[in-house]
Number of protein chains: 2
Amino acid sequence: MKNEKITSREVDFAKWYTDVVKAARLADYSSVKGCIVIEPNGYAIWEKMQEVLDKKFKELGHVNVQMPLLIPESLLKKESDLVEGFAPEVAWVTEGGSKKLEERLCIRPTSETMFCDYYKDHVNSYRDLPKLYNQWCNVLRWEKETRPFLRSREFLWQEGHTIHATKEEAIEETDRMMEVYKWFHHDILAIPSITGKKTEKEKFSGAVYTLTNEALMYNGVALQAGTSHYFGQKFSEAYDVKFLNKENKQEYVYQTSWGTTTRMIGGLIMVHGDDYGLVLPPNIAPKQVVIIPIGNDEEVISLAKSYNEILNKNNITSYIDLTEKSPGFKFAEAEVNGIPIRIEIGKRDLENNQVTFVRRDTREKIIQALDIELVSYTKELLNTIQKDMYQRALDRRNSLTFEAHNLKDMENILNTQPGFVRADWCGDEACELKIKEIKGCKSRCILENEPLIDGKCVCCGKDAKHHVIWGIQY
Amino acid sequence: MKNEKITSREVDFAKWYTDVVKAARLADYSSVKGCIVIEPNGYAIWEKMQEVLDKKFKELGHVNVQMPLLIPESLLKKESDLVEGFAPEVAWVTEGGSKKLEERLCIRPTSETMFCDYYKDHVNSYRDLPKLYNQWCNVLRWEKETRPFLRSREFLWQEGHTIHATKEEAIEETDRMMEVYKWFHHDILAIPSITGKKTEKEKFSGAVYTLTNEALMYNGVALQAGTSHYFGQKFSEAYDVKFLNKENKQEYVYQTSWGTTTRMIGGLIMVHGDDYGLVLPPNIAPKQVVIIPIGNDEEVISLAKSYNEILNKNNITSYIDLTEKSPGFKFAEAEVNGIPIRIEIGKRDLENNQVTFVRRDTREKIIQALDIELVSYTKELLNTIQKDMYQRALDRRNSLTFEAHNLKDMENILNTQPGFVRADWCGDEACELKIKEIKGCKSRCILENEPLIDGKCVCCGKDAKHHVIWGIQY
């Protein structure tokens, strides 16, 4: 039975999205314009994301730190590209302790400046390098149009910041962290992201270049899912971060930064969700299994409890719903919350020596014998769900990936069914701006390793330099 | 050999403290006045604190959420005590996205307002209660005098916020969370805190009453180490948070909040540290053991590596120092960083079939046979260190706890060697203010279950109502 609180995805995708956010109790609007409350179900997903990524970062040698929330205006202004890029979207603290401040402090939109300010006093020689830092924190960007998770004024993220003694090492780090995000999207979130390079126009303010992972939502709209920036020596020159290299000469450090955010919760909804609510891939689900006993039969309750215990002992996160709600209500709740597997046990099942497994992704009911190897079967089913969800997302993306040879193609595609549009590009920003006139379509990324399609710019028809993916974005 | 970078604790306690913060690379000053950078060693301690507390909170049924950082002025003003208490020390955002805001937004000094604003739309009936929420976040208070960890403008903390259907339940929660903090201080941080109630003057703005855990630093100065507030219906009336009770009548919810912060890193330093640097209790040490091989002998390195592996496999966090520094330098570094146990292995040790354990707390060297049961011995030694550290802290506190019968006593004590001063009090704020004139001494807490000392107020000599602990505070 369809969830009455959720608008059909095919009828109104935007409404469907906010309905799911609300019905699955992931987030709610707050009294602060453009800022959300992340509710328990949403925050539990973020905690799981943090756990998975933090472990990976640490395995690669990164350590966590915490920089101040506030950045003095003079410090922010030292790197001109950065200030130009972020100035229009920062919030300023101008009063503190009942007094007007002598200098405005901005709430961090990102922390390159603070890290550079710290590095400069803590790096002397190549022996102090690399520094591989990360921080989990909140940032603020004064967006005009906001949407829960996808674009809100305040959001939570991790920002990695590293400095290195050589250009090669820093470039390697930039690539490595892009690979980490790709693994995170593919293996954990079951989202097939595409990796490429941002154009000059779309790169991070102040970066030499930006690598990006781009994901495609169910409706064909693109989501930037993780970025990794190579700064070269741009910031280290501006902030005077020098070290004595092996040749005993002063040199500016080589720098990177990389980040991903709570917007990926929005990505999960938009890639996997359906008319019944959220659908969580098992590898990111805070709870992978819910056990729902039907009725109050003692034997049923006792079996349900033992299932729950066995699963949790074997590293499958499970919970049992013993509340006083009706079974139907419990099923719907587990469904809207996206729990990957629901196990139903009733008295009749026991009499028939059976138990019912329900997959959230396909809503398929699977009757199994009571003496099934519970742990190995559940693990296998979770793996199958994870794989199937990835494959479905990949199929959907492929079916929404088009090729354009000229502006007319591009218009037709974007006006019919948006998606990823592959097209060649001459490298001229004027063409990017012209394409943007079609429903705000932007270059998502340059695919450096892929051959040109027909060698002609999709916009001006001149010789093309890059095979680019284009799309409308969140 | 004493660490040259650290001023002796007996010579200048304040300087000793900041020297340890710096030498152990826990935190550093930043370009933002009153705000610190929490460096990797300091943040690792905070991560461990979070891990321990978060697990406990969740066991007790709490779930994590995230409220917005910014609070509209109009919302803050709804509860008059709160606004009066916090208005002088908040920071205001007045500009965002290049425009002057219509309404000032304050950076949260605490989040009662935001939680109430959320509750009011999410609670209908007693069936929705209790709500047991917690959030890990940053807060900002515009302090004039700051000190790393102990008092800085921005700090990290957890703030628990709960609402209940009955007064009894809310009071129970207030008590329960105080017990959690007590356990955290005693069993994890090895800090013997004293639990009591704040006076009307010292309680949290807006609370009906505040429970507090008070710790005593090595120098006899007090530190508020965790507080738990009972709000009754004060906030729920101000913010209109009502529910339908079992009698089918509208009633305001009963509320609590409770928190502890990164200041406890400062507490760890000031209770346990010595002239060689930080001393970490094993239960909070991010790394409990460091293994230092002496020289490059292959057999030595291989044994050291196998020790490291065995310990980590058995849930003792250990690392091996294979850097190119000299053994003496490595010893000093492990010492300043406060690693509870150092294991030294050299070629000569191998020849003598022995290995050296060094306790950080006592700096005692213990020679053990090579065939010792490594895991059980190390676990036992860690337990002994934890217990001994608690006992030493308790002995120190007891030796710095005094009794005063009149103002003259109080003055003598506080001017000679400050500490906890036990004295009776009539309950009159005028007496609190008079006592405060002695080096800023404040009531730390009322000991409700302890009998009066002599029944006379230490200040005015009139009949006393409470047995109170007084002290100078950070």
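Where in chain A is A:P130 found? A:P130 sits in the loop between helix 5 (112-119) and strand 7 (131-140) of chain A, where helices (H or I, at least four residues) and strands (E, at least two) are DSSP runs, numbered from the N terminus. This is a predicted model, in which local features need pLDDT of at least 70, side-chain atom pairs count only at pLDDT 80 or more, and totals for chains, interfaces and linings use all residues. Residues are numbered from 1 along each chain as its sequence is written, chains are lettered from A and ligands numbered from 1 in the order in which they are written, and side-chain values use heavy atoms, with hydrogens and water left out.

**Backbone details**

- The peptide bond from A:L129 to A:P130 is cis, with omega near -5°.
- In chain B, a cis peptide bond joins B:L129 and B:P130, with omega about -5°.
- B:P130 lies in the loop between helix 5 (112-122) and strand 7 (131-140) of chain B.
- A:S98 is in the loop between strand 5 and strand 6 (99-107) of chain A, and its phi is near 65°, a positive value in a residue other than glycine.
- Most residues other than glycine have a negative phi, and most peptide bonds are trans.

**How the two chains are related**

- Two copies of a chain are related by a rotation about an axis and a shift along it.

**The interface**

- The contact (heavy atoms within 4.5 Å) takes 52 residues from chain B and 51 residues from chain A.
- Of the interface residues of chain B, 98% are also interface residues in chain A, so the copies meet through the same surface.
- The buried area between the chains is about 4,000 Å², of which carbon and sulfur atoms give 59%; buried area is the accessible area (1.4 Å probe) that two parts lose on being put together, summed over both.
- There are four salt bridges between chain B and chain A, each a side-chain nitrogen of Lys or Arg within 4 Å of a carboxyl oxygen of Asp or Glu.
- A:R104 forms a salt bridge with B:E95, and their closest N and O atoms are 2.5 Å apart.
- Strand 5 (residues 91-96) of chain B gives six residues, the largest share of the side of chain B that touches chain A.

**Strand pairing across the interface**

- Strand 5 (residues 91-96) of chain A pairs with strand 5 of chain B in the antiparallel sense over five bridges; two strands pair if DSSP finds at least two bridges between them.
- A:A91 stands opposite B:G96 in strand 5 of chain B.

**Around A:L303**

- A:L303 lies in helix 9 (residues 298-313) of chain A.
- Not counting residues up to four places away in sequence, A:L303 touches A:I345, A:L350 and A:L370.
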